[in-house]
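This briefing outlines selected features of the structure shown below. The points are grouped by topic.

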Amino acid sequence: MLNLVEKKTYNLATRIYPNSYGLKDIILAEGFAGIEKIKVLGKGSSNGIDLKYFNSKKQENCEREILLEKLRIPENDLIFIFIGRLVSEKGINELVAAFDELQQTFKDISLLLVGPFEEELDPLTPTTLQTINEHTKIFFTGYQPDVRPYLEISHILTFPSYREGFPNVVMQAGAMGLPSIVSNINGCNEIIETGKNGIIIPVKDKNALFESMKTLIKNPSLRLELASKARAEIRENYDREQFWLLLKEEYEGLIKELNLHS
């Protein structure tokens, strides 16, 4: 039924703008529309990223200490952060299991989960929930309207989702100067390049997630190198103001084309 709705919608549309090249490939592979209607603006995304808003202010030590104390995270810990719904399809079961195993060896690490639990739709496993509630180095905040303070105190985004459109969280983390560990899905694998601004791992692969997290724990110089390139990558490819210019040009081109045929 959903596929029929997609085909009907695309058939009625004059133009189709996927928010990623991966989604464009899916539309073509499923035969929802012909390539003549489809166009990705720039490098993709729905609206780019506001680099003025997502810009690390290099918090004063007192501000960082206040938030860490509030969350009860040890000041000198290396902090992995996840932002989003806390459900199975976001890879939280694998993330919690990988972190739990890592923390048995590397004591000075923490996992910060920023987002709401969902008990009705795609809930986490009982084992994962128990680990989150009982682990002394896993911290969760619930939904937060402003994620910037949490990105400010963190060091690495872990985002092992099973499926996405074009994830804003990965762009936000990059804009704040964090490297990311992401799964090999459309959107994520367009924003992140392994060895440049993060690491890409297979979907639903807890062992690959474990090894990537361990690599960045044991190799701080690599982590800092990836972090140093993270914001520049977002600025070059996903700056919202540049995206708006592309959108404006597209609208103007469509109006001109309409006038020529009227």
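In this predicted model, alanine 29 counts as exposed, because its relative accessibility is 68%, and exposed means over 50%. Alanine 29 belongs to helix 2, which spans residues 21-29. The C-alpha atom of alanine 29 lies 47 Å from that of leucine 68, and the two residues are 39 residues apart along the chain.

- Six strands form an open sheet in the order 3-2-1-4-5-6, and their pairing is parallel.
- Strand 3 (138-140) and strand 6 (198-201) are the edge strands, each of which pairs on one side only.
- On average, neighbouring strands of this sheet are turned by 20° against each other, with direction ignored.
- Strand 2 (residues 109-114) runs parallel to strand 3, and three bridges join them; leucine 113 stands opposite phenylalanine 140 of strand 3.
- Helix 4 (residues 92-103) packs on the sheet and touches strand 1, strand 2, strand 3 and strand 4. The direction of helix 4 makes about 160° with that of strand 2.

- Strand 4 pairs with strand 1 in the parallel sense over two bridges, and leucine 157 in strand 4 has isoleucine 81 opposite.
- Strand 4 also pairs with strand 5 in the parallel sense, over three bridges; here leucine 157 stands opposite serine 180 in strand 5.
- From strand 4 the chain crosses through helix 7 to strand 5, and this β-α-β crossover is right-handed.

**Helix 7**

- Helix 7 (residues 168-175) is largely enclosed by the rest of the structure, because seven of its eight residues are buried.
- The buried residues of helix 7 are Val169, Val170, Met171, Gln172, Ala173, Gly174 and Ala175.
- Among the strands covering these buried residues are strand 1 (78-83), strand 4 (156-159) and strand 5 (180-183).
- The cover also includes helix 6 (148-153), helix 8 (188-191) and helix 10 (220-238).
- Glycine 177, which follows helix 7, has a positive phi near 85°.

Technical notes
Residues are numbered from 1 along each chain as its sequence is written. This is a predicted model: local features need pLDDT of at least 70, side-chain atom pairs count only at pLDDT 80 or more; totals for chains, interfaces and linings use all residues. Side-chain values use heavy atoms; hydrogens and water are left out. Buried means under 20% relative accessible area, exposed over 50%, partly exposed in between (1.4 Å probe, protein chains only). Helices (H or I, at least four residues) and strands (E, at least two) are DSSP runs, numbered from the N terminus. Contact means heavy atoms within 4.5 Å. Two strands pair if DSSP finds at least two bridges between them. A crossover is right-handed if, with the strands pointing away from the viewer, the path from the first strand over the helix to the second runs clockwise. Axes are lines fitted to C-alpha atoms, for helices over the stretch in contact, and angles run from 0 to 180 degrees between N-to-C directions.
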